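Dear colleague,

I am passing on the structure we spoke about, and my notes on it follow below. Please read them with the coordinates open beside you.

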Amino acid sequence: MSQLAVLLPTGIKGWCWQSWQTESSRQRAKVALALLRRDCSMTKSILFFGFLLVFLGLTLPGTQGRKIPRCELVKILRKHNFQGFVGKTVADWVCLVQHESNYDTHAFNDNGGKSRDYGIFQINSKYWCDDGKTPGTSNTCRINCSKLRDDNIEDDIRCAKIIAKQAHGLTPWVAWNKYCKGKKLDSYVKGC
């Protein structure tokens, strides 16, 4: 099979490839040109749709988040000195992140319109960041909340440390209180 046939989507290969095989070399050039110009308009539609999806994926807001694998997060937290910070372990922080955002840097939660939680640590707009929607925000971390929803978690880490330092622990996070506090957490760092 030629390179042309390999490049065509499966459903289109049948008709286009049959036309290609039945023609002489000179006619094949015409067929190839016709395929590119008009005869395989379905190919154009598929290509257009593919380009449209890529374009939308790059331009829609908030599509830049990712899920950080558990062991990668463990390494990041160790690198940023979370072990022993405010008397907590890296396992405490990983447990918090799993139950707050499921390791998703794009995580978002609307708290009934009163405030919203952003990013991997689910940082709240009432106290810690400014989303332009929450009235009377303290914005203690001095950051726009949207910055907490991208795949760069350096600013999330700085803010999470400010929160933990002011609270002398992890009590501001509901998920940590419910799922992690006082529990055996070795499994969160096991194998990392």
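In this predicted model, helix H5 passes helix H6 in a right-handed crossing. The two helices, H5 covering residues 70-79, pack at an angle of about 130°, and their axes lie 10 Å apart. On the H5 side the contact is made by Arg70, Leu73, Val74, Leu77 and Arg78, while H6 contributes Val90, Trp93, Val94 and Val97. Sorted by class, this contact of H5 with H6 has seven nonpolar and two charged residues, with no polar ones.

The space in the largest pocket comes to about 280 Å³. Its lining consists of 17 residues, of which Asp117, Gln122, Asn124, Pro172 and Val174 are the closest to the centre of the pocket. By class, the lining of the largest pocket has eight nonpolar, five polar and four charged residues.

With best regards

How values were computed: Residues numbered from 1 in each chain as written. Predicted model: local features only at pLDDT ≥ 70, side-chain atom pairs only at ≥ 80, totals over all residues. Heavy atoms only, no water. 1 Å grid on protein atoms, 1.4 Å probe; cavity = no way out; pocket = protein on both sides within 12 Å on 5 of 7 lines; lining within 4 Å. Points joined across faces, edges and corners; volume = space filled by probe spheres on them. Nonpolar A, V, L, I, M, F, W, Y, C, P; charged D, E, K, R; others polar. Axes fitted to C-alpha atoms, helices over the stretch in contact; angles between N-to-C directions. Helix = DSSP H or I, 4+ residues; strand = E, 2+ residues; numbered from the N terminus. Left-handed = near helix turned anticlockwise from the far one by under 90°. Contact = heavy atoms within 4.5 Å.
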